[in-house]
Amino acid sequence: MRSCKYLCRAHVPMPSNLPWSLSRRQLVTTSACRSRLSPRASVTESELINVRMNELDGPYTRPVMRTAIPGPKTKEILQSMGDIAESRVAVSCVNFEKSQGNYMVDADDNIMLDLFGQIASLPLGYNHPAIIKAATKRDNLVYLINRPATPFQPPVDIVEMLQTSLLKCAPRGMNNHVTTMGCGSCANENAMKSAFISYQDKMRGLQFPGEDSEELKTALWNKAPGCPDLCVLSFMGALHGRTIGALSTTHSKPIHKLDVPAFDWPIAPFPQLKYPLEDHVTENKAEEERCLQRVEELCEEFNGKGRHVAAMIVEPVQSEGGDNHASPRFFRQLQKVCKERDISMIVDEVQTGLGPTGTLWAHEAWGLDDPPEYVTFGKKMQLGGYYHLEQCRPRHAMRINSTWMGDPARMMMLQTIVDEIISNQWLSNVRITGEVLLAGMKQLEDIYPWLVHRARGVGTFCAIDGRTVDIRDELLSELKNNGVLISSSGDKAIRLRPSLIFQPDHANIFLDIFESVLKVQK
């Protein structure tokens, strides 16, 4: 049996009183004893977390399966739902009242450990007591009953709301300007619109077109010069949303785009790294250089045709296209290209924002010299939107607008979520638990290399590939039937998207089940 390392990165703060017999740099060799593979650290033993796990998970300590997935009640609900609305992609029917912490309870009373997190949108698990308390406060109930048309009639406490929620968790260097939206697609769509407006402002020297100008006359007819032929550069494998502009920058699954007109914008390759990273340093560097070179070529090609690249949009991890990662250097070089060519950089943090990678914002680990022009958000933030630099703010009103422009009720939820993340040091938990998950998956790929490989991730934002699509799909099915709610990404990846309160004990439960599923595969 092959040995496998469990090595904590030096930058991760570790509890001083964990019951580990291992030092930071000792090796762990096991497959029989999961607690030695991934040393257990219950929250009562950790100095990093002040909230007891059983207080958040309620009565649940392990998955309990009463039916196969999907169960009979779930099938009945989905069949009835399908007569009215789309239900064919449904993973399960959730009993939100019974679900608690890291455990989802479905319509058939199956209790499942949730590593799907409502598609990465659950920040603190189900029915967190602090969020329940905030939701039932009169201040928040007022905005659930009366949703403001914020751009036109903002609530009297809007400034305090923004300061204590969105600005409190803003990316470094971007805590002055934010535009709120309803979802991640809207965030990316409007960030791209803002980048176009900013580009044209610079091109015309900040002079707004006059009332009788050709630009205003042609704009209503979708013609130049009012509607210029500008482009957004995106990357193969990306998913930025389902609205027309965002869909034009989405390249993960053909079914998303089939039959829908799209803009003819440049599409660059995204690095396809080999794992383990330490064994493929030279190849991976060459792969990233290849992609960077193609970015440069596409900018030259489109600019040369008069179709100027005004913005570049990129995910820190291609979260739907296969959990594809790149090095911090790659992203620093992308920003360098943007600066040299006067291109706005849009970092899409809809899935990675608010902590799952171990920092509030994944791009903060890149070591950028300056903040990007735009950082978009959604999912765990409870509403969509984007942070932006001062120079990206449109100079005239009504250029980026809608009826609601976000949701104050969700902002108040976010305020509580951010306070909980800070006061309970959940980002430290994410980093520690991520080490447990990744170490465990790496050992499992060593033991079962014909089934799984390419374990990767940062924080708890992890994935592992099946050797084939069929193997991946079979593993997903068996994991669900053994009590783990989990999903796929790209062609072959199994992706992990737990909430921030997913702790080492939960990771060990998952790894135990995953190993039991792998053992019985033929």
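**Entry 1: helix H17.** I started with helix H17, residues 504-519: at 1.5 Å a residue its 16 residues should span 22 Å, and its end C-alpha atoms are 22 Å apart, so the two agree. The expected span here is 1.5 Å times one less than the number of residues. Helices are DSSP runs of H or I with at least four residues, strands are runs of E with at least two, and both are numbered from the N terminus. I then looked up cover: 13 of the 16 residues of H17 are buried, meaning under 20% relative accessible area with a 1.4 Å probe, protein chains only.

**Ground rules.** I'm working on a predicted model, where local features need pLDDT of at least 70, side-chain atom pairs count only at pLDDT 80 or more, and totals for chains, interfaces and linings use all residues. Residues are numbered from 1 along each chain as its sequence is written, and side-chain values use heavy atoms, leaving out hydrogens and water.

**Entry 2: cores.** Next I looked for nonpolar cores, sets of buried Ala, Val, Leu, Ile, Met, Phe, Trp, Tyr and Cys joined through side-chain atoms within 4.5 Å. The largest has 77 residues, and Phe-235, Phe-330 and Tyr-387 are among those with the most contacts inside it. Helix H14 (residues 408-423) gives the most to this core, eight residues. Apart from it lies another core of 34 residues, including Val-452 and Phe-502.

**Entry 3: Phe-330.** What does Phe-330 touch, leaving aside neighbours within four places in sequence? I found Phe-235, Phe-270, Pro-271, Glu-288, Cys-291 and Leu-292 in contact with it, contact being heavy atoms within 4.5 Å.

**Entry 4: rings.** I have 15 aromatic pairs down for the structure. Rings of Phe, Tyr and Trp (its six-membered ring) pair if their centres lie within 6.5 Å; planes under 30 degrees apart are stacked, over 60 edge-to-face, the rest tilted. Phe-270 and Phe-330 are edge-to-face, with 5.8 Å between centres and 80 degrees between planes. They sit 60 residues apart, Phe-270 in the loop between strand S5 (267-268) and helix H12 (281-304), Phe-330 in helix H13 (residues 328-341). Phe-270 counts as buried because its relative accessibility is 3%, and Phe-330 is buried at 0%. Phe-270 also pairs with Phe-331, tilted, at 6.4 Å and 50 degrees. Phe-235, Phe-270, Phe-330, Phe-331 and Trp-366 form one aromatic cluster.

**Entry 5: charges over rings.** Last, I noted Arg-147 over the face of Trp-404, 3.7 Å from the ring centre, and Lys-305 over the face of Phe-302, at 4.5 Å. The test is NZ of Lys or CZ of Arg within 6 Å of the ring centre and within 35 degrees of the ring normal.

Note on methods:
Buried means under 20% relative accessible area, exposed over 50%, partly exposed in between (1.4 Å probe, protein chains only).
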